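Opening the notebook on this one. I want to go through the metal site, the ligand contacts and the strands, in that order.

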Amino acid sequence: MSATSAATAADRDIVIDLRDVETRFGTHVVHQKLCLQVRRAEVFAIIGGSGSGKSTLLREMILLHRPDAGSIKVLGVELNDLSPEAALDLRLRWGVLFQHGGLFGSLTVLENIGLPLREHTRLGNKLIDEIAAWKLHMTGLKPEVGAQYPAQLSGGMMKRASLARALALDPELLFLDEPTAGLDPESAAGVDELVL
Ligand SMILES: Nc1ncnc2c1ncn2[C@@H]1O[C@H](COP(=O)(O)OP(=O)(O)O)[C@@H](O)[C@H]1O
Ligand SMILES: [Mg+2]
């Protein structure tokens, strides 16, 4: 393989590419000249104190916040100036576990997990429930948890249920915001294992 084609293959492996990202809220500078690359099959962790800009960076990578400067490419797509159609295409290729779970309180766990499938596929209700039950099982939750509401779950169960929903559309990329924060050591180890 020539040096050029090797470089191209390596470039194709980059699933997240941030260049010189800057974020400010008023005069408060959160990110400055921030560059990072994440490769396919990599588990990439960002560690930093509370308020250091981790969630904001994640929100920028999933099209919920626009940086003040710099470039963000996810799955080879530059996020600046995306059409609404292209943005939706991209959103369907990743799953997100939000810091506070983000489950809908008025839906059962199974309904929460099935929601992305209901919104974005033409699958029938029976099949959606079967897939949702499988995702629930994958995350180590018992089948009966599917009928419960988010308010009835422990912290660890809530993270697992959120992870199951993030996995609903078989995403190419998973974003996890503090997947184990606030969990007891045993639950945290369980979630880590699950992610791996
Ligand atoms: N919408 C916003 N408006 C103003 N300031 C914000 C907003 N979102 C985040 N910040 C500020 O940006 C900084 C980084 O926050 P955040 O990304 O949530 O940190 P972390 O996730 O690392 O704890 C904090 O100082 C926070 O107060
Ligand atoms: Mg945060």
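Before looking at the metal, I note the rule: a donor is an N, O or S atom within 2.8 Å of the metal, with 3.2 Å used for Na, K and Ca, and water is not among the atoms, so a site may look incomplete. I also keep in mind that this is a predicted model.

**Entry 1, the metal.** Which atoms coordinate the magnesium ion (ligand 2)? I find OG of Ser55 and OE1 of Gln99, at 2.0 to 2.4 Å. I then checked where these two sit in the chain: Ser55 belongs to helix H2 (residues 54-61), while Gln99 is in the loop between strand S5 (94-97) and helix H4 (109-120). They are 44 residues apart, so I log the pair as a link between distant parts of the chain.

Ser55 has 23% relative accessibility, so I put it down as partly exposed. Gln99 comes out at 27%, which makes this residue partly exposed too.

I listed the residues around ligand 1: Phe25, His28 and Val30, then Gly49, Ser50, Gly51, Ser52, Gly53, Lys54, Ser55 and Thr56.

Next I looked up polar contacts to oxygen atoms of ligand 1.
- For Lys54, a polar side-chain atom lies 2.8 Å from a ligand oxygen.
- For Ser55, a polar backbone atom is 2.9 Å from one.
- For Gly53, I get 3.0 Å, again from a polar backbone atom.

In what order do the 4 strands of the open sheet run? I read S2-S1-S3-S4, with antiparallel pairing. Strand S2 (28-39) and strand S4 (77-78) are at the edges with a single partner strand each, so each has one side without a neighbour in the sheet. I see H2 packed on this sheet, where the helix touches S1, S2 and strand S3 (69-74). Its direction makes about 120° with that of S1.

Zooming in on one pairing, I have 8 bridges between strand S1 (residues 14-25) and S2, running antiparallel. Ile16 has Val38 in S2 opposite.

**Entry 4, S5 and S6.** I also checked the parallel pair: S5 and S6 are joined by 4 bridges. Opposite Val96 I find Phe175 in S6. Which residues of strand S6 (residues 173-176) are on its covered face? Leu173 and Phe175 are there, whereas Leu174 and Leu176 make up the uncovered face.

Terms used
Residues are numbered from 1 along each chain as its sequence is written. Chains are lettered from A and ligands numbered from 1 in the order in which they are written. This is a predicted model: local features need pLDDT of at least 70, side-chain atom pairs count only at pLDDT 80 or more; totals for chains, interfaces and linings use all residues. Side-chain values use heavy atoms; hydrogens and water are left out. Buried means under 20% relative accessible area, exposed over 50%, partly exposed in between (1.4 Å probe, protein chains only). Two strands pair if DSSP finds at least two bridges between them. Contact means heavy atoms within 4.5 Å. Axes are lines fitted to C-alpha atoms, for helices over the stretch in contact, and angles run from 0 to 180 degrees between N-to-C directions. A residue is near a molecule or strand if one of its heavy atoms lies within 4 Å of it. A polar contact is a pair of N or O atoms within 3.5 Å; within protein, one must be able to donate a hydrogen and the other to accept it, and residues adjacent in sequence count only if both atoms are side-chain atoms.
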